[in-house]
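Work through the exercises below with the model open. Try each task before reading its solution.

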Amino acid sequence: MAGFATSRPASLALAALLAFLNLFAFLLAVGAERRRSTGKVVPDEYDLRSYCLYDTDASTVYGVTAFFVLLLAQALVTAVTRCLCLGPALSSRGCAVASFILSWITFLSAEACLIGGSVRNAYHTKYLGYYMKHDLVTCAMLRKGVFAAAAVLMLINLVASLVYYWSYSKAATGGFIKHQNEVGMGMTDYGLDKGGSGP
């Protein structure tokens with residue numbers, strides 16, 4: 001039981017760290033969605049060209065930062081659980097396998113949304129139209145909802161990662177406790193038998 005008691009705080013600490021990283025990435029993705037670059041058509045004061053004037057590019061910074069924070073969280077849970085390959089046998093636990101697969105699907109999807117949205121948001125085309133020939137009406141901008149989709153996927157990834165890690169920890173510590181109890185019982189029985197048969 002001592003082994004289980006010492007491993008319990010570490011498990012809670014890791015779960016808290018995973019939750020913090022995912023929620024931090026979630027907030028960054030929400031910030032990226034709210035701070036998407038917007039452009040407005042303005043006339044050039046020196047010629048007949050019209051062009052798009054874009055505002056702050058903070059959304060790209062938020063998106064790239066969220067990308068690396070989520071990558072760190074996924075790398076952490078993968079390293080601790082040995083990617084379901086070298087740890088305890090979980091093939092019989094459908095919940096662990098399903099949450100493992102869901103975790104990776106949502107991770108890859110969220111990362112694709114983050115990097116794609118960041119690249120598209122950073123792409124600013126200045127000169128696009130001319131008066132009398134091709135009037136510029138709208139500016140190219142990142143479609144609304146890309147970073148929001150990444151934020152939703154992060155929450156699903158958080159739940160799936162925590163369920164997967166909990167299943168992994170339960171299998172690992174449960175097996176250890178069972179082994180310790182069996183050894184303890186065997187030694188006790190052996191000692192009693194030996195003591196009883198001595199006289």
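This is a predicted model: local features need pLDDT of at least 70, side-chain atom pairs count only at pLDDT 80 or more; totals for chains, interfaces and linings use all residues.

Residues are numbered from 1 along each chain as its sequence is written, and side-chain values use heavy atoms, with hydrogens and water left out.

**Exercise 1.** Compare the span of helix 2 with the expected span.

*Solution.* Helices are DSSP runs of H or I with at least four residues, numbered from the N terminus. Helix 2 covers residues 58–81, which is 24 residues. Arg 82 follows, with a positive phi near 55°.

**Exercise 2.** Find the salt bridge and state whether its partners are buried or exposed.

*Solution.* A salt bridge puts a side-chain nitrogen of Lys or Arg within 4 Å of a carboxyl oxygen of Asp or Glu. The structure holds one. Arg 36 and Glu 33 form it, at 3.6 Å, N to O. Buried means under 20% relative accessible area, exposed over 50%, partly exposed in between (1.4 Å probe, protein chains only). Arg 36 is at 17%, so it counts as buried. Glu 33 is at 14%, so it is buried too.

**Exercise 3.** Locate Ser 37 and list what it touches.

*Solution.* Ser 37 sits in the loop between helix 1 (2–34) and strand 1 (39–43); strands are DSSP runs of E with at least two residues. Its relative accessibility is 3%, so Ser 37 is buried. Contact means heavy atoms within 4.5 Å. Not counting residues up to four places away in sequence, Ser 37 touches Asp 55, Thr 56, Asp 57, Ser 59, Asn 121, His 124 and Met 141.

Notes:
The expected span of a helix is 1.5 Å times one less than its number of residues.
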